[in-house]
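Dear colleague,

I am handing over the structure below, and my notes on what was found in it follow directly after.

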Amino acid sequence: MTFWALIIATAVLIAVFLGISILRRRDTREPSTAYDLQVYREQLASVDRDLARGVIADADAERVRTEISRRILAADAQMQSLSEPQGPSKWISVAASVFVAAILVGGGSWMYLKLGAAGLPDQPLSLRLEMADALRTERPSQAEAEAATPPAPLPQLDESYASLLGQLRETVSGRPDDLQGHILLAQHEANAGNFHAAYKAQQRVIELSGNTAPADAYSHLAEMMILATNGYISPEAEDALKQSLQRDPRHGPALYYLGQMMVQVGRPDIGYRIWVDALASAPTNAPWATAIRAQMDDLAFRAGVFNAAPMPAGNPGPGEDDIEAAASLTAQERQEMILGMVEQLSDRLATEGGSPEEWARLIGALGVVGDIDRATAIYAEAQSVFSDNDNALDILGAAAAQAGVTR
């Protein structure tokens, strides 16, 4: 009530001051005839002085006084007419004052009831951080979120596909240790929109893979959990994302969903930083990077970041399209074009680092230009950089084999 009393008193006080200003009848500025009157009075005094000194005769002095007096009377009459109070009539001023008071007091109260929160206590930054931590810690589990999520309509499956999916389920249920079977089951359950069954099969894939499960396996698990809850990222999905990032700290899809999770728990500032770091090493045209860029402006606003630098559209470097475009050039032009892009990518990876796909692209490009020795050296360096990432080593190994570095 104290808050309301202060707000209403402030509005009433402002309305009173405005009302006084409206009701006060405006006086005109001093008319020019007031200056004329002053001049005429000085002329009268001058006539008396001239007469006392004998400069002018009595008859002339009387004639001049008469003329000046006539002008004084005319100027005074004109000034009296101009000094009458000006402005709107009294009833219009009263109506305007009432209208202003109603807008200030009534309109302000109505707007606050619609947009404000009268009973909400102060929320300093420290309190908001505590609330975000509590929200993250106490948020619903995967099972609770799925129970609260309304069932989504499943896509209409082709009869033959539905039959094959049923056979796959039956086969996998009889072979619980079949890794490849569970991989296929997770994939096809997701295709059919059965995300709960899909992530259950993916969990079995990870169990069967053991310590060799790559970052992709965990990010796929998290994604299926998120789809099963219609976009909500549960503590279980967060754990899967962390497992993915432990195996590949630059794993794009995992960084995308982790940033989303931080937004959901009230920390858009952390989510923004995660997404900025993710885009710094994003491969060209990666779908998850495109999704980040589409939401980055809104997230920057929510994170309190203004005048943010434009997000990069993708990392430069020679891709397959670049190599194919070079086919229309002469042999020398093509070689120069590829070498220029190779050097550009090589310099950036040496100074800023990059994803396994970018290192693999560099190795493949060096193989295209026939620089096998340098491709071998880059491959060895990349193996050292990603020594603890089995998935990345597989990508690099495939690129090395294609470039002729390994057989």
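D50 lies in helix α2, which spans residues 32–53 (helices are DSSP runs of H or I of at least four residues, strands runs of E of at least two, numbered from the N terminus). This is a predicted model, in which local features need pLDDT of at least 70 and side-chain atom pairs count only at pLDDT 80 or more, while totals for chains, interfaces and linings use all residues. Residues are numbered from 1 along each chain as its sequence is written, and side-chain values use heavy atoms, with hydrogens and water left out.

D50 counts as buried because its relative accessibility is 19%, where buried means under 20% relative accessible area, exposed over 50% and partly exposed in between, with a 1.4 Å probe and protein chains only. Apart from neighbours within four places in sequence, D50 is in contact with V55 and I56 (contact means heavy atoms within 4.5 Å).

**V12**

V12 belongs to helix α1, residues 2–23, and at 38% relative accessibility V12 counts as partly exposed.

**The whole protein and its confidence**

The protein has 19 helices and zero strands, and buried residues make up 33% of its 407 residues. The mean pLDDT (the predictor's confidence in each residue, from 0 to 100) is 80, and 82% of the residues reach 70 or more. Over residues 315–319, however, the pLDDT is below 50, although this stretch has 19 contacts in the model beyond near neighbours in sequence. Where pLDDT is low, the predicted coordinates should not be read in detail.

Best regards
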